[in-house]
Amino acid sequence: MVRAQFPLILETTLIYHNFYNHTVTISTFDKRLLIEQIRYMETQQTFACDAEEKAPDLSVHHDFEERLWQRAQGLVEQHDLSAVLGRAARLSRYVKTVAFILAASLGALGIVYAVIDSHTINIYWLLLVLLGFNFISMMLWLTGVSLNMEALTSGMLARLSSWLPGHLDSKNSSGTTGSTQADRAWLACNFSGAVGKWQFSKITRQLWLMYLVTGLAFLVLLLMVRQYDFVWGTTLLSDNAFLKLTDALSVPLEALGFATPSAEQVQDTRIGVLQTGVSPLTVEHRNHWAQFLLGALLCFGIVPRIVLWGWSALMCANARRVFVLDFYLPYYIRLRQRLMPLASHGQIVDADTSSPALSETPAIKPVAHTLPTETQWVAVELGNNISWPPESVSSANDLGEVIDRESLTRILQHLQSNACPVIAVAVSSARFPDRGVQRTIASLMSGCTQRWLVLLHKHEDQPASDKRLAAWYRLAEACDVPADHLISLSVA
């Protein structure tokens with residue numbers, strides 16, 4: 001029987017495999033988001049997964065993240081987690097809708113407040129209402145982005161997102177914390193770090209656009225059905241200041257085809273002049289001022305917001321694309337041992353044109369990692385139990401073993417004088433890493449772009465304990481070794 005899809009997850013962009021004989025495309029970020037939601041939930045309750053009981057197909061290459069994704073899909077189906085995982089996204093849409101309605105209402109109220117009570121429009125007061133705070137907001141945001149100041153790029157939205165999980169927890173009628181943890185994971189992935197910075201920026205630009213577009217629409221509507229006289233006035237500034245300001249604002253508007261008031265028309269619309277009745281406004285005056293007002297709102301308000309919105313959307317998409325999971329967390333280390341034991345990574349193979357060496361023991365089939373041909377190998381204090389180098393490492397790629405200060409100096413000099421883009425440092429998994437080993441490994445890898453840490457163990461040895469393995473992962477993180485580049489090699 002064909003299994004049904006998960007409609008709630010499809011609503012929240014967590015699109016899983018379609019069970020109607022085809023596969024739906026899903027972004028890498030959405031996969032990692034689901035994995036993180038499962039991780040947060042398993043901090044409160046560990047889920048049994050039938051998929052883990054199946055023996056992995058070693059003939060097919062699946063990296064750790066792919067197996068995490070398959071496990072997450074299995075948990076969603078097995079424990080019916082669709083509604084729980086989709087709640088935060090649904091609530092987020094509701095909150096955004098309310099915020100957009102509020103922004104639109106403020107834009108409409110700003111126009112109504114400025115012009116509805118009379119038949120005159122104070123032109124620069126209205127521009128200040130619609131564009132002044134918008135300009136200040138843009139300057140603060142650009143400053144925050146340039147200086148990486150979270151308070152200026154996120155502001156109140158960030159505080160709201162941090163408050164929301166606790167509010168949802170208090171309103172959770174089911175009495176379970178799993179849904180709240182899923183919500184926390186969703187908010188952490190979407191509204192923290194680089195993704196959150198640009199997500200907040202994108203939403204803020206959308207809110208300001210809603211405010212400005214609604215204000216523009218109401219202004220056009222009022223100008224179509226009512227006749228207004230345009231005025232301006234000042235108490236402290238000189239008339240010349242407003243003349244220069246109008247000329248400066250008119251330059252881009254004239255380039256876009258908008259009619260703008262002349263210097264005489266600007267002078268004629270001063271409040272004191274109109275009160276004397278010397279120069280009442282003509283149809284041409286009103287038309288030029290109306291186009292000036294609408295053009296200024298469009299050119300200096302809406303267009304910059306659209307540009308910044310597009311920039312924020314592109315940066316947000318890029319941040320989502322490069323978003324990665326922290327595989328050094330104890331949760332992922334434990335799962336890696338269950339889903340992809342280090343011993344199952346197989347033998348490390350270097351391409352070699354020479355004839356293979358015959359051995360009475362069957363060869364181990366490599367299933368997950370094949371190091372590049374140019375990989376240079378270095379061993380660090382293996383002790384007497386493990387002989388170096390193993391058969392899988394060619395003599396041409398072997399730089400030797402670090403056993404004392406002299407050998408370390410010799411190998412470092414070789415690495416400095418010869419380009420070494422890929423290095424694999426082999427250590428004994430039987431020992432516990434210390435600061436001295438970490439300093440040695442860091443110095444050996446300092447000039448290499450691709451780094452591998454290989455845990456050597458003998459066939460008859462017991463696997464490394466969870467505590468020791470976690471220590472090696474912490475060392476790998478300190479030495480900038482990717483979690484997927486910490487592998488195991490069984491030697492004779």
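Mentor: Helices α15 and α16 pack at an angle of about 25°, their axes being 9 Å apart; axes are lines fitted to C-alpha atoms, for helices over the stretch in contact, and angles run from 0 to 180 degrees between N-to-C directions. Angles under 35 degrees count as roughly parallel, over 145 as roughly antiparallel, 65 to 115 as roughly perpendicular and the rest as oblique; α15 and α16 are therefore roughly parallel to each other. Helices (H or I, at least four residues) and strands (E, at least two) are DSSP runs, numbered from the N terminus.

The model is a predicted one, in which local features need pLDDT of at least 70 and side-chain atom pairs count only at pLDDT 80 or more, whereas totals for chains, interfaces and linings use all residues. Residues are numbered from 1 along each chain as its sequence is written, and side-chain values use heavy atoms, with hydrogens and water left out.

In the helix pair, Leu408, Ile411, Leu412 and Leu415 of α15 meet Thr440, Ser443 and Leu444 of α16 (contact means heavy atoms within 4.5 Å). By class, this contact of α15 with α16 comprises five nonpolar, two polar and no charged residues; Ala, Val, Leu, Ile, Met, Phe, Trp, Tyr, Cys and Pro count as nonpolar, Asp, Glu, Lys and Arg as charged, and the others, Gly among them, as polar.

Both helices also lie across strands. Helix α16 (residues 435–445) lies across β3, β4, β5 and β6 (450–458), at about 165° to β5.

The strands belong to an open sheet of five, in the order β4-β3-β5-β6-β7, with parallel pairing; two strands pair if DSSP finds at least two bridges between them. β4 (398–402) and β7 (486–491) stand at the edges with a single partner strand each, so one side of each has no neighbour in the sheet. From one strand to the next, the twist averages 25°. Within the sheet, β3 (residues 376–380) and β5 (residues 422–428) pair in the parallel sense over four bridges, and tryptophan 377 stands opposite alanine 424 in β5.

Turning to the core, Ile423, Val425, Ile441, Leu444, Leu453 and Trp472 touch the most other members among the 75 residues of the largest nonpolar core. Such a core is a set of buried (under 20% relative accessible area, 1.4 Å probe, protein chains only) Ala, Val, Leu, Ile, Met, Phe, Trp, Tyr and Cys residues joined through side-chain atoms within 4.5 Å. Valine 425 touches residues including Val378, Val380, Ile441 and Leu444, not counting residues up to four places away in sequence.

Technical notes. Buried means under 20% relative accessible area, exposed over 50%, partly exposed in between (1.4 Å probe, protein chains only).
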